[in-house]
Amino acid sequence: MIKNFKNKMSVAHLQNIIEGLGYKWFSNGDYNVNIIGVRNPNLIANSFDDTMLCAYKVDGMWKLKEWKITTDAGSYWIKHPMNEMGCALLVPNQYRGAYEIAKHRGKYEALCQRLGEVEVYRDNNRDQILDFDDVTKEWGMFGINIHRSSPTKSPIVVGQWSAGCQVYKKREDFMELMQICVKAAADWGNAFTYTLIKEEDLKL
C-alpha cells in the first residue's frame with residue numbers, strides 16, 4: 001500500500017522537516033523540484049516499501065507527488081554483492097546537484113548519479129536484514145541511480161532490480177517523475193538534488 005503521506009501533511013510541513021534537517025528546500029519558480037526519498041523502518045530486504053515524494057510549483061501553486069519505490073538493494077545483490085566490501089545502501093542525506101538525466105546502463109533515461117559523490121553503507125553479511133552500520137560508510141561515485149524496475153510489469157519483490165539504486169515499482173510512476181524532471185531541466189539545468197530521509201523524520 002502506498003503511504004499517502006501527501007494526504008497527511010502539507011507541503012509547508014514537508015519544507016519545515018527538510019529545512020529542520022539542515023537541508024536546502026527549493027521554492028523559487030516553477031518546476032524547481034524537491035525530490036525526496038522516504039525510507040521505511042522495515043529492515044527486511046526485498047520490498048518496494050519506501051516512498052518517493054516530489055514537491056514543486058506549477059503556475060506558482062505547489063504540487064506534491066508520491067510514488068512507491070525501494071531505497072534499498074534487493075535480496076539478490078545483498079547475497080551477491082558486486083563490491084567485495086558489501087552491497088551499497090544509500091545513507092540518508094541531501095546530495096546537492098549529484099544527479100542528471102542520462103541513460104541508466106545505456107538503456108533509458110533516468111536520474112543518474114554522475115555529478116557528485118554520495119555516501120553508502122556496506123552490507124556484507126549476505127542475510128535478509130538490512131545493515132546500516134556507521135563503521136561501513138564511504139563516499140564515492142557508485143552509480144546510485146534513480147530508475148524504474150520492469151518495463152512491462154510491476155514486480156512484487158525487488159530482486160535484482162536494485163543493487164543500491166532508488167527504484168520505482170511501477171514504470172508509469174517513474175515516467176511521471178521523468179516528465180517533471182525534463183521540464184525542470186529546461187528551466188533550471190540538468191542537475192538534480194536528491195534527499196533521502198527516514199520515515200520517522202516526517203513526524204506524522
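Colleague: Let's start with Lys153: is it buried or exposed?

Modeller: Keeping in mind that this is a predicted model, Lys153 is exposed, because its relative accessible area is 59%. Lys153 sits in the loop that runs between strand S9 (146–148) and strand S10 (166–168).

Colleague: Switching to helices, how many residues does H3 have, and what span does it reach?

Modeller: Helix H3 covers residues 171–188, which makes 18 residues, and from its first C-alpha to its last it reaches 25 Å, close to the 26 Å expected at 1.5 Å a residue.

Colleague: Which residues of H3 are buried?

Modeller: The buried ones are Asp173, Phe174, Leu177, Met178, Ile180, Cys181, Ala184 and Ala185. Looking down the axis of H3, these buried residues fall within an arc of 165°, so they line one face of the helix. As background, an α-helix has 3.6 residues a turn, so residues three or four places apart point the same way.

Colleague: What is exposed on the other side of H3?

Modeller: Gln179, Ala186 and Asp187 are exposed there. Just after H3 comes Gly189, which takes a positive phi of about 95°.

Colleague: What about Cys112, how far is its sulfur from the closest cysteine sulfur?

Modeller: For Cys112 the closest cysteine sulfur is in Cys165, at 8.4 Å, and that is again too far for a bond. Cys112 counts as buried, because its relative accessibility is 0%. The structure as a whole holds zero disulfides.

Colleague: Last topic, the surface. Which residues form a nonpolar patch there?

Modeller: Leu43, Ile44 and Ile129 form one, and together they have about 240 Å² of accessible area.

Colleague: Where is Ile129 found?

Modeller: Ile129 lies in the loop between strand S7 (118–123) and strand S8 (138–140). With a relative accessibility of 36%, Ile129 counts as partly exposed, since that class lies between the 20% limit for buried residues and the 50% limit for exposed ones.

Notes: Residues are numbered from 1 along each chain as its sequence is written. This is a predicted model: local features need pLDDT of at least 70, side-chain atom pairs count only at pLDDT 80 or more; totals for chains, interfaces and linings use all residues. Side-chain values use heavy atoms; hydrogens and water are left out. Patches are made of residues with over 30% relative accessible area and no salt bridge: like charges are joined within 9 Å, nonpolar side chains (Val, Leu, Ile, Met, Phe, Trp, Tyr) within 5 Å. Accessible areas come from the Shrake-Rupley method with a 1.4 Å probe; for residues, only the protein chains shown count as cover. A salt bridge is a side-chain nitrogen of Lys or Arg within 4 Å of a carboxyl oxygen of Asp or Glu. Helices (H or I, at least four residues) and strands (E, at least two) are DSSP runs, numbered from the N terminus. Buried means under 20% relative accessible area, exposed over 50%, partly exposed in between (1.4 Å probe, protein chains only). The expected span of a helix is 1.5 Å times one less than its number of residues. The arc is that of the directions from the helix axis to the C-beta atoms. A disulfide is a pair of cysteine sulfur atoms within 2.5 Å.
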